[in-house]
Amino acid sequence: MALTWTHENRGEIRVHENLEELSIGLVDYIAEISEASIKEHGAFCIVLSGGSLISLMGKLIEPPYNKIVDWAKWYVFWADERVVAKSHDDSNYKLAKDNLLSKVNVFPRHMCSINDTVSAEEAATEYEFAIRQMVRTRTVAASKNSDCPKFDLILLGMGSDGHVASLFPNHLALEVKDDWVTFLTNSPKPPPERITFTLPVINSAANVVIVATGESKSNAIHLAIDDLPSSDSSLSLPARLVHPSNGNLVWFVDKQAGSKLDGFKFSE
Ligand SMILES: O=C1O[C@H](COP(=O)(O)O)[C@@H](O)[C@H](O)[C@H]1O
């Protein structure tokens with residue numbers, strides 16, 4: 001059983017006993033939001049990240065999820081992408097395609113990924129343009145509170161430095177307010193060239209999930225969630241800046257990643 005509580009302004013926190021339990025909780029949550037979104041507006045606009053998140057979603061390709069999810073109504077996007085060929089092992093698209101999307105019935109035309117033949121700057125511009133077209137045709141909803149798309153669900157991993165998507169601590173990309181997608185050519189984590197959703201887009205989603213596992217992420221999880229003095233420099237940690245203005249934020253962490261949280265008290 002997960003230890004669950006809601007922090008006044010940091011959302012719902014679910015600390016799972018182990019990875020098996022976390023991945024069941026995560027895919028249950030995804031299936032639930034998928035069903036509700038399809039019921040409400042006929043489609044499910046889901047945003048993926050790369051990294052360890054994809055293996056934690058692995059149960060989606062197994063029964064009962066592979067049969068109960070209405071894959072044909074899924075539209076898939078990426079919160080960030082490495083600017084490499086789609087066949088490259090660093091590609092977030094390839095990771096999701098090989099391990100998840102090719103094993104279920106998501107239409108390839110419903111997968112909105114970057115153009116991998118152009119520069120990072122051009123890839124960001126083209127990707128944003130494609131999403132703007134999908135908002136115009138109402139495949140993706142528009143936020144009522146900002147000039148941003150309102151994705152049904154954005155799934156984010158978090159690095160041990162507190163980065164989410166390709167928004168790294170103290171990086172200029174964190175300041176971008178007017179673009180939906182921006183680019184980096186100096187990512188502190190390789191590969192250096194990336195595109196990423198900006199904070200206004202992430203914070204306009206209907207639902208945002210942040211997943212973090214392992215002891216190496218425990219300090220960043222503490223700094224991203226717990227109350228901190230108003231002078232603390234960690235208040236600008238990227239994961240802490242995720243704060244959906246009109247949506248839900250849920251943290252899925254395992255016992256190791258959650259071990260430094262103020263609310264952590266796991267029954268043995
Ligand atoms: O570089 C990236 O890292 C983060 C975190 O990855 P993880 O393996 O520590 O979970 C990931 O969410 C992001 O999409 C990716 O590009």
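Q: Let's start with the ligand. How far is an oxygen atom of the ligand from a polar backbone atom of Gly-50?
A: This is a predicted model, and in it that backbone atom of Gly-50 and the ligand oxygen are 2.7 Å apart.

Q: OK, and what about side chains? How far is a ligand oxygen from an N or O atom in the side chain of Lys-217?
A: For Lys-217 the distance is 2.7 Å. Asn-92 also takes part, with a polar side-chain atom 3.3 Å from an oxygen of the ligand.

Q: How much of the ligand does the protein bury?
A: The protein buries 91% of the 390 Å² that the ligand exposes when taken alone.

Q: Which residues come nearest to the ligand?
A: There are 14 residues around the ligand, and the nearest of them are Gly-50, Ser-52, Asp-80, Lys-189 and Lys-217.

Q: And how does that shell divide into nonpolar, polar and charged?
A: Seven residues of the shell are polar, five are charged and two are nonpolar.

Q: Which pocket is the ligand's space, by size?
A: The ligand takes up the second largest pocket.

Q: Switching topic: how many cavities of 30 Å³ or more are there?
A: The count is one. About 30 Å³ of space lies in the largest cavity.

Q: Which residues line the largest cavity?
A: Its lining is made up of Ser-143, Asn-145, Lys-150, Asn-203, Ser-204, Ala-205, Ser-245 and Asn-246. By class, that lining has six polar residues, one nonpolar and one charged.

Q: What about ipTM and pTM?
A: The model has an ipTM of 0.99 and a pTM of 0.98.

How values were computed. Residues numbered from 1 in each chain as written. Predicted model: local features only at pLDDT ≥ 70, side-chain atom pairs only at ≥ 80, totals over all residues. Heavy atoms only, no water. Near = heavy atom within 4 Å. Polar contact = N/O pair within 3.5 Å; in protein donor to acceptor, adjacent residues only side chain to side chain. Areas by Shrake-Rupley, 256 points an atom, 1.4 Å probe, with all protein chains shown as cover. 1 Å grid on protein atoms, 1.4 Å probe; cavity = no way out; pocket = protein on both sides within 12 Å on 5 of 7 lines; lining within 4 Å. Sits in = over half its atoms within 2 Å of the grid points. Nonpolar A, V, L, I, M, F, W, Y, C, P; charged D, E, K, R; others polar. Points joined across faces, edges and corners; volume = space filled by probe spheres on them.
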